[in-house]
Amino acid sequence: MLTHMVVWKYRGDIDSGTREEHVARLRSLSEVVPGIRSFDVGFDTLHLDRSYDSGLVAIFDDRAALDAYTVHPEHVAAAEFGRSISQHVLSVDFESEG
């Protein structure tokens with residue numbers, strides 16, 4: 001299995017409605033993209049200096065499922081939207097035992 005993690009640090013000028021829209025768009029991906037085993041998205045609750053604003057953890061059966069997710073049009077649109085409202089985005093993908 002592969003675990004895919006992404007975190008977003010939104011720009012200071014991004015309002016709460018736009019942030020909510022981003023998370024909603026991300027959450028909808030689990031309903032339209034096949035091959036997702038587990039999918040969690042949410043807002044940071046600690047609000048520490050080192051915290052990012054939102055994050056995503058997705059688990060895929062294999063690399064083929066992650067690759068299909070990566071190029072799926074709904075994911076591409078959500079990823080572009082997220083980048084457009086963020087000052088920084090980080091990600092990591094690693095093999096996991098589940």
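**Entry 1, the core.** I began with the largest nonpolar core, which has 21 residues, and I noted that Leu26, Leu29, Phe39, Leu56, Phe60 and Tyr69 touch the most other members. I keep in mind throughout that this is a predicted model. Asking which elements supply this core, I found that β1 (2-10), α1, β2, β3, α2 and α3 (73-85) each give at least two residues, and that β1 gives the most, with four.

I then looked up what Leu56 is in contact with, leaving aside its neighbours within four places in sequence, and I listed His4, Met5, Val6, Trp8, Leu26, Phe39, Asp40, Val41 and Tyr69.

Which residues of α1 are buried? I found Thr18, His22, Val23, Leu26 and Leu29 to be buried, and because they cover an arc of only 140° around the axis, they lie on the same side of α1. I recalled that an α-helix has 3.6 residues a turn, so residues three or four places apart point the same way. On the other side of α1, I noted Ser16 and Glu31 as exposed. When I asked what covers the buried residues of α1, the answer included β1, β2, β3, α2 and α3. At the start of α1, I saw that a side-chain oxygen of Asp15 reaches to within 3.1 Å of the backbone nitrogen of Gly17.

- The side chains of Arg19 and Asp53 meet in a salt bridge at 3.8 Å, N to O. Arg19 lies in helix α1 (residues 16-32) and Asp53 in the loop between β2 (36-43) and β3 (54-60), so this pair ties together parts that are 34 residues apart in sequence.
- Glu21 and Arg25 form a salt bridge at 3.7 Å, N to O, and, being four residues apart in helix α1, they are separated by about one helical turn. I noted Glu21 as partly exposed at 38% relative accessibility, and Arg25 as partly exposed at 29%.
- Asp67 forms a salt bridge with Arg63, their closest N and O atoms being 2.8 Å apart, and these two are four residues apart in helix α2 (residues 63-71), about one helical turn. Here I found Asp67 partly exposed, with a relative accessible area of 35%, whereas Arg63 is exposed, at 55%.

How values were computed
Residues are numbered from 1 along each chain as its sequence is written. This is a predicted model: local features need pLDDT of at least 70, side-chain atom pairs count only at pLDDT 80 or more; totals for chains, interfaces and linings use all residues. Side-chain values use heavy atoms; hydrogens and water are left out. A salt bridge is a side-chain nitrogen of Lys or Arg within 4 Å of a carboxyl oxygen of Asp or Glu. Buried means under 20% relative accessible area, exposed over 50%, partly exposed in between (1.4 Å probe, protein chains only). A nonpolar core is a set of buried Ala, Val, Leu, Ile, Met, Phe, Trp, Tyr and Cys residues joined through side-chain atoms within 4.5 Å. Contact means heavy atoms within 4.5 Å. The arc is that of the directions from the helix axis to the C-beta atoms. A polar contact is a pair of N or O atoms within 3.5 Å; within protein, one must be able to donate a hydrogen and the other to accept it, and residues adjacent in sequence count only if both atoms are side-chain atoms.
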